[in-house]
Amino acid sequence: MDVTYENTRREITTDKGVLRYHEAGDGPPLLLLHGSGIGVNGWRNFRANLGFYADHFHCYVLEFPGFGVSDPVPGHPVLTAVDSVVRFMDALGLDSAAMIGNSMGGVVAVNVAMQHPQRVEKIIAIGGVGHSLLAVNPSEGTRLLSEFADAPSREGLQRWLRCMIYDPRMITDDLVEERWNAATEPAAQASLKAMYGSEALALQQQFMENSPTPPYWSMLHKVKSPVLMTWGADDRQCPTDMALIPLRQIPNAELHVFPKCGHWVMYEAKEAFERVTLEFLHR
């Protein structure tokens, strides 16, 4: 199947602007939701996996607002991403779908499932979901993201990339160049600063301390969809102990940990990840 960037890219107009996405395959709908980070978007997260899933599903790789591809909207990137998933499904006439969410994308998927349970068939989360009980908080990866958001540099990007991946040989010059070029886009810079800048992290901490609303991870018992959490054993962005709360709270959750693997499981453990997730989706 031809899953090049040009052949799969699409866009659709909603009441809050244009959402851009990549589409491939036929079968039951599957939404692929990207994470946050330096120079991130949906295509970069899932381009290596799209062809595999397109052999089994009608795949949609949604580009969240505020990451330099879809039209930006006001608000925190996680909250606007949750809204964008519902807008996207409404615009395409998708009543429900299975979802694969990388890191922040997994958080988005479980929030959609809590707020709109009828829209979510199954969830595969790649790290991200939950709250760390044992590891240092913020994590090493988050601290590196904050340093980069405050003062972008190639060296800072390379330090963060080394934190994302267990095997440093996978960090190629092309990967560094692509991420650097994307990270210097104004919209991408603004989104990263809104999520990970030191000022933003301090405000988020202050908000959580004073907010009457409990954090999303304390309400994961509301997720009724089956959830497969996938994790790299050597994830330094989202340590594996984060999975303990959702594993207990979500009524139908399971966990698969990949050895010698960092945060980007779908990239670093590609074949094993695809095999495990396909079995889950076909149950």
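## Contacts, helices and backbone features in a predicted model

Asparagine 102 touches Leu33, His34, Gly35, Asn45, Phe46, Ile126, His263 and Met266, leaving out residues up to four places away in sequence. The structure described here is a predicted model. Asparagine 102 belongs to strand β5, which covers residues 97-102. Its relative accessibility is 2%, so asparagine 102 counts as buried.

Serine 103 sits in the loop between β5 and α4 (104-115). Serine 103 is not a glycine, yet its phi is positive, at about 55 degrees. With a relative accessibility of 10%, serine 103 is counted as buried.

Lysine 260 also has a positive phi, of about 50 degrees, although it is not a glycine. Lysine 260 is placed in the loop between β8 (253-258) and α11 (265-268). Is lysine 260 buried or exposed? Lysine 260 is exposed, as its relative accessible area is 61%.

Another backbone feature concerns a peptide bond. The bond from asparagine 137 to proline 138 is cis, and its omega is near 5 degrees. Proline 138 lies in the loop that runs between β6 (120-126) and α5.

**Helix α2**

Helix α2 is made of residues 42-54. How far does α2 span between its end C-alpha atoms? The span is only 15 Å, whereas a straight helix of 13 residues would span 18 Å at 1.5 Å a residue. Helix α2 also has a kink of about 55 degrees, and the kink is centred on alanine 48.

The buried residues of α2 are Gly42, Trp43, Asn45, Phe46, Asn49, Leu50, Gly51, Tyr53 and Ala54. Two of these, Asn45 and Phe46, are among the residues touched by asparagine 102.

Asparagine 49 is a residue of helix α2. Its relative accessibility is 1%, so asparagine 49 counts as buried. Which residues are in contact with asparagine 49, leaving aside its neighbours within four places in sequence? They are Met266, Lys270 and Glu274. Met266 is also touched by asparagine 102.

Aspartate 26 is located in the loop between β2 (17-24) and β3 (29-33). Aspartate 26 has a relative accessible area of 62% and is therefore exposed. Beyond its neighbours within four places in sequence, aspartate 26 is in contact with Ala54, His56, Phe57 and His58. Ala54 is one of the buried residues in α2. Computed along the sequence, aspartate 26 and aspartate 55 are 29 residues apart, while their C-alpha atoms are 7.3 Å apart in space.

Threonine 14 is part of strand β1, residues 9-14. At 14% relative accessibility, which is under the 20% limit for a buried residue, threonine 14 counts as buried. Its contacts, not counting residues up to four places away in sequence, are Leu19, Arg87 and Ala91. The C-alpha atoms of threonine 14 and leucine 92 are separated by 10.0 Å, and the two residues are 78 residues apart along the chain.

**Helices α5, α8 and α9**

In helix α5 (residues 140-150), the buried residues are Gly141, Thr142, Leu144, Leu145, Ser146, Phe148 and Ala149. The cover over these buried residues includes α6 (154-164), α7 (173-183), α8 and α9.

Two packed helices are described by the angle between their axes and the distance between the axes. The axes of α8 (residues 186-196) and α9 (residues 198-210) come within 5 Å and cross at roughly 40 degrees. Because of this angle, α8 is oblique to α9. On the α8 side, Lys193, Ala194, Met195 and Tyr196 take part in the contact, and they meet Ser198, Ala200, Leu201 and Gln204 in α9. The residues of this contact are five nonpolar, two polar and one charged.

Leucine 201 is located in helix α9. Its relative accessibility is 24%, so leucine 201 counts as partly exposed. Leaving aside its neighbours within four places in sequence, leucine 201 is in contact with Thr142, Ser146, Met195 and Tyr196. Thr142 and Ser146 are among the buried residues of α5.

**Accessibility of selected residues**

| Residue | Relative accessibility | Class |
|---|---|---|
| Asparagine 49 | 1% | buried |
| Asparagine 102 | 2% | buried |
| Serine 103 | 10% | buried |
| Threonine 14 | 14% | buried |
| Leucine 201 | 24% | partly exposed |
| Lysine 260 | 61% | exposed |
| Aspartate 26 | 62% | exposed |

Technical notes:
Residues numbered from 1 in each chain as written. Predicted model: local features only at pLDDT ≥ 70, side-chain atom pairs only at ≥ 80, totals over all residues. Heavy atoms only, no water. Axes fitted to C-alpha atoms, helices over the stretch in contact; angles between N-to-C directions. Helix = DSSP H or I, 4+ residues; strand = E, 2+ residues; numbered from the N terminus. Parallel < 35°, antiparallel > 145°, perpendicular 65-115°, else oblique. Contact = heavy atoms within 4.5 Å. Nonpolar A, V, L, I, M, F, W, Y, C, P; charged D, E, K, R; others polar. Expected span 1.5 Å × (residues − 1). Bend = angle between axes of the 7 residues up to and from the residue. Buried < 20%, exposed > 50% of the residue type's maximum accessible area, 1.4 Å probe, protein only.
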